[in-house]
Amino acid sequence: MSRILFILVLLAVGFLLLKSWQRKQQLKQHNKQTSGKIPKNTRMVRCLQCGLHVPEDEAISQGGKHFCSLEHAKLHLTKD
Ligand SMILES: [Zn+2]
């Protein structure tokens with residue numbers, strides 16, 4: 001009888017360990033997903049034409065100047 005009890009306890013402990021492991025894995029995945037949404041090294045630059053802030057990798061750069069779009073780059077360059 002005590003042997004059955006021992007096996008039952010063992011199963012219960014194993015089940016609890018499995019559950020906590022699964023929860024840890026889910027948390028890890030969740031953290032990956034949420035941190036993946038925010039780019040780490042995204043510098044914001046300001047459009048010289050309209051003043052809009054855009055990520056550097058999405059901005060149009062011409063001669064060290066940044067613009068939100070090609071139109072604004074053209075507008076600014078023709079203005080000078
Ligand atoms: Zn602009």
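Two residues are in contact if their C-beta atoms, placed from the backbone, lie within 7 Å. This is a predicted model: local features need pLDDT of at least 70, side-chain atom pairs count only at pLDDT 80 or more, and totals for chains, interfaces and linings use all residues. Residues are numbered from 1 along each chain as its sequence is written.

**Exercise 1.** Find what share of contacts in the protein chain, between residues at least 6 apart in sequence, join residues at least 24 apart.

*Solution.* Take the contacts between residues at least 6 apart in sequence. Of these, 10% join residues at least 24 apart.

**Exercise 2.** Describe the order of elements and the spread of the protein chain.

*Solution.* Step 1: the protein chain has two helices and four strands. These are DSSP runs numbered from the N terminus (helices: H or I, at least four residues; strands: E, at least two). Step 2: read from the N terminus, the order is α-β-β-β-β-α. Step 3: the radius of gyration, taken over C-alpha atoms, is 28 Å, well over the 12 Å of the globule rule for 80 residues, so the chain is more spread out than a compact globule. That rule is 2.2 Å times the number of residues to the power 0.38. Step 4: along the principal axes, the C-alpha atoms fill a box of roughly 95 × 15 × 15 Å.

**Exercise 3.** Locate Ala 59 and list its contacts.

*Solution.* Step 1: Ala 59 sits in the loop between strand S2 (53-55) and strand S3 (60-62). Step 2: leave aside neighbours within four places in sequence. Ala 59 then contacts Val 45, Val 54, His 66, Phe 67 and Cys 68.
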